[in-house]
Amino acid sequence: MIPATATAVVAEWSKSSHSNSSQGNCVEVALNLPTHTPIRDSKDPQGPSLAVPTPSFAAFLTALRADTLLP
């Protein structure tokens, strides 16, 4: 049961600057949630999203920017 004092936080979606709509690769993330970062396909906004813990998403972005992801 949700406490009466709870307030809902609505995800504020942003399209990745690296998304390419001409090839159909469109990713959106919501960075405003406190504990998880949801990721979704922007072509299917009503479809499912993948929510990862915010620290894990931050580590992923750091590795991506440093080009240190393993193949």
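User: How many bridges join strand β2 to strand β3?

Analyst: This is a predicted model. In it, β2 covers residues 27-30 and β3 covers residues 36-41. The two strands run antiparallel, and the number of bridges joining them is 3.

User: How many residues lie between β2 and β3 in the hairpin?

Analyst: β2 and β3 are joined by bridges and run antiparallel. Together they form a hairpin, and the number of residues between them is 5.

User: Which residue of β3 is the bridge partner of Glu28?

Analyst: The strand β2 spans residues 27-30 and is joined by bridges to β3, residues 36-41. Within β3, the bridge partner of Glu28 is Arg40.

User: Which residue in β4 does Arg40 stand opposite?

Analyst: β3 is also joined to β4, residues 49-53, by 5 bridges, and these strands run antiparallel. Arg40 has Glu28 as a bridge partner. In β4, Arg40 stands opposite Ser49.

User: What percentage of the accessible surface belongs to carbon and sulfur atoms?

Analyst: The accessible surface of the protein comes to about 5,600 Å². Of this surface, the part belonging to carbon and sulfur atoms is 60%.

How values were computed:
Residues numbered from 1 in each chain as written. Predicted model: local features only at pLDDT ≥ 70, side-chain atom pairs only at ≥ 80, totals over all residues. Heavy atoms only, no water. Pairing = 2+ DSSP bridges. Helix = DSSP H or I, 4+ residues; strand = E, 2+ residues; numbered from the N terminus. Areas by Shrake-Rupley, 256 points an atom, 1.4 Å probe, with all protein chains shown as cover.
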